[in-house]
Structures are given as C-alpha cells and as structure tokens.
Amino acid sequence: MRPAKWGIVSTVRAETRPILDFVAHHLSIGAHRIHIYLDEDNPEARAALATQPRVMVIVCDDDYWENRGGRPDKHQARQTRNATKRYRRRPGVEWLAHIDVDEFLWPETPIGEQLNSLKPDAEVARVWPIEALANPGPDPEPGTWFKSYSRQQRVRREQTAAIYPEFGIHLNGGFLSHVAGKVFVRTGIPKVNFRIHNAFIHGVQMDREDVLKGVKLCHLHAPDFEHWQRAYRYRLEKGSYRADLKPAPSPDGAGLNMNALFSMLEADGGEEALRRFYDEVCTATPGLRTRLAEFGLLQRVDLDLDRKRAEVFPDHA
C-alpha cells in the first residue's frame, strides 16, 4: 500500500526566515501539499515559495476578504476560515492538518505510513505537542530541549507542581501554550469546519479520532526570552494569553490564567519578574532538565532548520 498523501494548511504572519523554515521542514518530511495563507503579504517569502511546486500561496489582502464576506477581526477566526476553505476545495491530499508557523511535525516513521495504519473508520488523527526550552548558555550539541506532560490530568497536576515549584500551580503541564495538540482530518467528508485544535460538523466535534503516536508537534512557542517578548503583548491582548481564557485545571481553583499571572508579575516586578518566570518554566537549566527527566518528560530534537532551508531555498541559506 502506498503511503497516504498528506498536507498542511497554515495562516501565517511572520518574517521570511520562519516561513521558509516551516515550509522546508515539512517538505523534507514528505508533505505532498503545503497551503500558505499570508495574513500579511511578504513579497520576499512569496517569491521564494513560488519556486516550490508543492506549495500554494494565497495573499489574504483586502480583495481576498471582500470576496469572502469581510475580514474577521480575530486572527483565530481568519485561521479557521482559511483552513476550512482549503479543506473543502480540493486540497490535493487524503489528510489535511491545520498547524501554525511555529509548529513542526516530528515523525519517527513516515507520516503517510502512520496515517495508513490508523483505525479504518478514523476521521481525525491527533498529534500531541512538546514545547521548546531555551538553552541557558552556549550548547555544543545539536538540537533543542523540549518538555512534555502527562496525558492524565491528576498525574499532570502532581508532576507540574513538583517540576515548577513557584509557578506550577498556574500552569497546565508546565506549558505556556496549548496542550490540546493539533489534528489531521481525512479529506472528502462533507460539511467539515476546522477549529484551532479540533474539527466539527454542524457544530458537533468530530469524534472518530485516533492518535498519531509516532509523531510529535514541536512547538517553538517561546524558544528564547527575546522571541517570547516580541510576541508577548499581542498574545496578552489577542492571542493565547488573553483575559477570557480559563486557568489551568486545579482541585481548589487557586491558579490564575496566563493573562492574570503575567499582569500580576509585571505589576509587582516588571521585566525582572517575567524573566524569573521564564527562567523557571522555559529555560533548560540543569535543575529543570533533571526534574523533567525524572518523570520521563524531557527529550532532545534536532530540527536542523538551517540545513533544510538551505537545501530547499538556496537563495536564503
């Protein structure tokens, strides 16, 4: 049996290098189609992507949205509108995943073979995330440290409290970003609507779901403090730290959501307090690595993005 053809759809607002890293990596692991919706035009990236026949680029300018009932104010709505549109209009693959430009699929074996091995009635295939840690100093070894978390909620709470003694009460598995993962959806199913972490039909979440156990979703959410700070204000106001999101589950409800936690830290200690948080939660210090390893929640991944970008886009080596 030939491997299943799979593809990616992503709505992107980023500089050229992250876009090309994202595309080059997924082409290198076998993506049959990559559909890039530029939320803000990037002529340099667009020109580079045009050299790749397996990549489709759509610029989401005023004309694009005028022909589609207007531009949604929230970027999450723009993402899901674009993903749903692509799913329904000949995506050219048998499975389509909706992921972000800072997320990198990392398979142990070819993804197409893994998709073929799913339950015959599976319509959705979930990929669980791991979150990147920053190196505390020069690191001669290739790759990046990533943290994981337990799938069992009770165990996750206990481990998180032990691994992150000051801030664990406010964290879901020690992650700043999502723990829900992302999904592939089998194509050809009528009336599917993508959301950020799931897919729905007529408002009901699709539940014929399996898990791609041999694939990780490497999330470079906050790979260094400076990168984290560049995205911090936007996430606080409109993204994954916004005020309307729920706090991490806890037995006594004592935890704060990310918006309240970060606002409190800033009010009390400014950037120094945010650095203290980042050092405990997001930096691969020897202490954090030891605690993660004790629970089997530490791994090293070498995405090798510079090499892949140079091979696929030699003018951007």
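## Close-up views of a predicted model

**View 1. Strand S4 and its two partner strands.** Leu-96 faces Val-185, which belongs to strand S8. Keep in mind as you explore that this is a predicted model. S4, residues 95-98, and S8, residues 182-186, run antiparallel and are joined by three bridges. Strand S1 (residues 6-12) also pairs with S4, this time in parallel and through four bridges. Within that pairing, Leu-96 of S4 is the bridge partner of Gly-7. Strands of a sheet pair through backbone hydrogen bonds, and the pairing can be parallel or antiparallel. Are the faces of S4 covered or open? Both are covered: Trp-95 and Ala-97 are buried on one side, and Leu-96 and His-98 are buried on the other.

**View 2. The largest nonpolar core.** This core holds 45 residues, and those touching the most other members are Trp-6, Val-23, Ile-36, Leu-105, Leu-115 and Phe-184. Which helix gives the most to this core? Helix H1, residues 16-28, does, with six residues. Zoom in on Leu-115: beyond its neighbours within four places in sequence, Leu-115 is in contact with Ala-4, Trp-6, Trp-95, Ala-125, Phe-184 and Leu-212. Another core of 27 residues lies apart from this one, and its members include Leu-171, Tyr-278, Leu-288 and Leu-297. In soluble globular proteins, nonpolar side chains tend to be buried together.

**View 3. Helices H1 and H10 crossing.** Here H1 packs against helix H10 (residues 305-312) at an angle of about 85°, with the two axes 8 Å apart. An angle between 65 and 115 degrees counts as roughly perpendicular, and H1 and H10 are therefore roughly perpendicular to each other. On the H1 side, the contact is made by Arg-17, Leu-20, Asp-21, Ala-24, His-25, Leu-27 and Ser-28. H10 contributes Leu-305, Asp-306, Lys-308, Arg-309 and Val-312. Sorted by class, the residues of this contact are five nonpolar, two polar and five charged.

**View 4. Helices H7 and H8 side by side.** The axes of helix H7 (residues 225-237) and helix H8 (residues 258-281) come within 13 Å and cross at roughly 170°. How do the two helices run relative to each other, roughly parallel or roughly antiparallel? Angles over 145 degrees count as roughly antiparallel, so that is the description for H7 and H8. From H7, the contact residues are Phe-225, Glu-226, Trp-228, Gln-229, Tyr-232, Arg-233 and Leu-236. From H8 come Asn-259, Phe-262, Glu-266, Glu-271, Leu-274, Arg-275, Phe-277 and Tyr-278. Eight of the residues in this contact are nonpolar, two are polar and five are charged.

**View 5. His-221, a buried loop residue.** His-221 sits in the loop between strand S12 and H7. Its relative accessible area is 2%, and buried means under 20%, so His-221 counts as buried. What does His-221 touch, setting aside residues up to four places away in sequence? The list is Asp-102, Glu-131, Leu-176, Ser-177, His-227, Arg-235, Ser-240 and Tyr-241.

View 6. Strands S9, S10 and S11 form an open sheet in the order S9-S10-S11, with antiparallel pairing. S9 (192-194) and S11 (204-205) are the edge strands; each has a single partner strand, so one side of each is left without a neighbour in the sheet. Three bridges link S9 to S10, residues 199-201, and Phe-194 stands opposite Ala-199 of S10. In the loop between S10 and S11 you will find His-202, which is exposed at a relative accessible area of 66%. With a relative accessible area of 47%, Arg-208 is partly exposed. Arg-208 and Ala-125 are 83 residues apart in sequence, yet their C-alpha atoms are 8.7 Å apart in space.

View 7. Most residues other than glycine have a negative phi. What is the phi of Arg-90? Its value is near 45°, which is positive. Arg-90 lies in the loop between helix H4 (75-88) and S4, and its 78% relative accessibility makes it exposed. His-202 also has a positive phi, near 50°.

Notes. Residues are numbered from 1 along each chain as its sequence is written. This is a predicted model: local features need pLDDT of at least 70, side-chain atom pairs count only at pLDDT 80 or more; totals for chains, interfaces and linings use all residues. Side-chain values use heavy atoms; hydrogens and water are left out. Two strands pair if DSSP finds at least two bridges between them. Buried means under 20% relative accessible area, exposed over 50%, partly exposed in between (1.4 Å probe, protein chains only). A nonpolar core is a set of buried Ala, Val, Leu, Ile, Met, Phe, Trp, Tyr and Cys residues joined through side-chain atoms within 4.5 Å. Contact means heavy atoms within 4.5 Å. Axes are lines fitted to C-alpha atoms, for helices over the stretch in contact, and angles run from 0 to 180 degrees between N-to-C directions. Angles under 35 degrees count as roughly parallel, over 145 as roughly antiparallel, 65 to 115 as roughly perpendicular and the rest as oblique. Ala, Val, Leu, Ile, Met, Phe, Trp, Tyr, Cys and Pro count as nonpolar, Asp, Glu, Lys and Arg as charged, and the others, Gly among them, as polar.
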